[in-house]
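Hello,

Here is the structure I promised to pass on. Please open it alongside this email, and then read on for what turned up.

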Amino acid sequence: MALAFTTMTLNLVLLMAMVATNILSLYHLSSTLKSPESPKPPTPVPDQLLHQLHTIRATINHLTRLQHSTDTSTTSSAAKSTIPPDLLLYSHLSPIASSCHNHPDLLHKYMSYTPFSLCPSDSDLAESLILRGCHPLPRRRCFTRTPPHKPSSPLPQDPFPSSLPDSSVIWDHYSCKSFDCFHRQNPNLGFKPSSDSSKFTTYKTDLDLPISQLFQIAKSAKSVIRLGLDVGGGTGSFAATMKLRNVTVVTTTMSVGAPYSEAVALRGLVPLHVPLQQRLPVFDGVVDLVRCGRAVNRWIPVTMMEFLLFDVDRVLRGGGYLWIDRFFSKGVDLEKVYAPLIGKLGYKKVKWATGNKTDAGGVKNGEVFLTALLQKPTSR
């Protein structure tokens, strides 16, 4: 009885929405009819009317999906019992199936804009969708915003400039309005590139892997490093260091809370705007080196971590290297969860070093760092 009432209500709402669409269309047609005595050019469709029609159309589509899910709810439960649980689990990860249908309100808000005008200034909304596994199509028929002012000086050629031009960024959705502000808040974020120039070239503890040592290891193994991928690479300091050695490295990053992608690009590097759960946009077996940076840590669900590691294996060529740089977790979890998970790859351990995480949170939770350099087998 309740199901029938719900279906009847949805049908009534759909009918009212279609009637409203027809009335708006008739109103527009009647206002643009031309008399044979005085022909006039057709009046362009007002933006307000287009927006109303778009909203009604989106509502109809959403209600239609809702009606379909209501009608099939009694049969879907029986079908789910026959679906392998692993498939259901991975269907929530964007590489397998989009989860946009789980967030219709956010998606509708993202796709509501006035055609042939500037796109809304809501880059944080796109970040929210992407982090939820929804990769919406690019907005059509609106123009991407650009910073209001041109840079006062040419873009830097040096990947480690003393400063980055603030005028090249749209700061609307960031708490700071300059790169220097972010640097003062946290010098470790990398928004003053010149201070990171020695980050990957010095050796202080066993957790460090200087670039010179990395190249020496590759040379000893009669391997070569030409192409690399930095996963969760922040502002791109690793890619910048490798650029000085004629190695091409692209950086996956997200502009969550700070302009990481913008900073990478301003250094003359390539930012890939993808989250950790997305399939890496690289072909199979073509990369010599993958580094997992500070974004890859214990807060990632274990299932997603496994997916990431095996996708790294997919893009690495035989003999290529996986560099896990300062991964942190509880000591017991490293021993019982993450070390066995990494071991599933069957890679050769070139370097495996651990050290205590000495900040307040690390001491409280008994956390440790892991730096590992692993080499993929040349053949399988």
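Are Phe191 and Tyr260 buried or exposed? Both Phe191 and Tyr260 are buried, where buried means under 20% relative accessible area, exposed over 50% and partly exposed in between (1.4 Å probe, protein chains only).

Before the rest, some notes on the source. This is a predicted model, in which local features need pLDDT of at least 70 and side-chain atom pairs count only at pLDDT 80 or more, while totals for chains, interfaces and linings use all residues. Residues are numbered from 1 along each chain as its sequence is written, and side-chain values use heavy atoms, with hydrogens and water left out.

**Aromatic rings**

Rings of Phe, Tyr and Trp (its six-membered ring) pair if their centres lie within 6.5 Å; planes under 30 degrees apart count as stacked, over 60 as edge-to-face and the rest as tilted. By that rule there are 12 aromatic pairs. One is Phe182 with Phe191: the ring centres are 5.4 Å apart and the planes at 35°, so this pair is tilted. Phe182 is buried, as is Phe191. Phe191 also pairs with Tyr260, and because those centres are 5.3 Å apart with planes at 40°, that pair is tilted too. Phe191 sits in the loop between helix H7 (179-185) and helix H8 (211-220), and Tyr260 in helix H10 (residues 260-266), so the pair ties together parts that are 69 residues apart in sequence. Helices (H or I, at least four residues) and strands (E, at least two) are DSSP runs, numbered from the N terminus. Trp171, Tyr174, Phe179, Phe182, Phe191 and Tyr260 form one aromatic cluster.

Two arginines lie over ring faces (CZ of Arg, or NZ of Lys, within 6 Å of the ring centre and within 35 degrees of the ring normal). Arg267 is over Phe160, at 5.1 Å from the ring centre, and Arg291 is over Trp323, at 5.8 Å.

**The sheet**

An open sheet of 7 strands runs in the order E5-E4-E3-E6-E7-E9-E8, with mixed pairing; strands pair if DSSP finds at least two bridges between them. Its edge strands are E5 (271-273) and E8 (348-356), each pairing on one side only. Strand E6 (residues 287-292) and strand E7 (residues 316-330) pair in the parallel sense over 5 bridges, and Val287 has Leu316 in E7 as its bridge partner.

Happy browsing, and do write back with questions!
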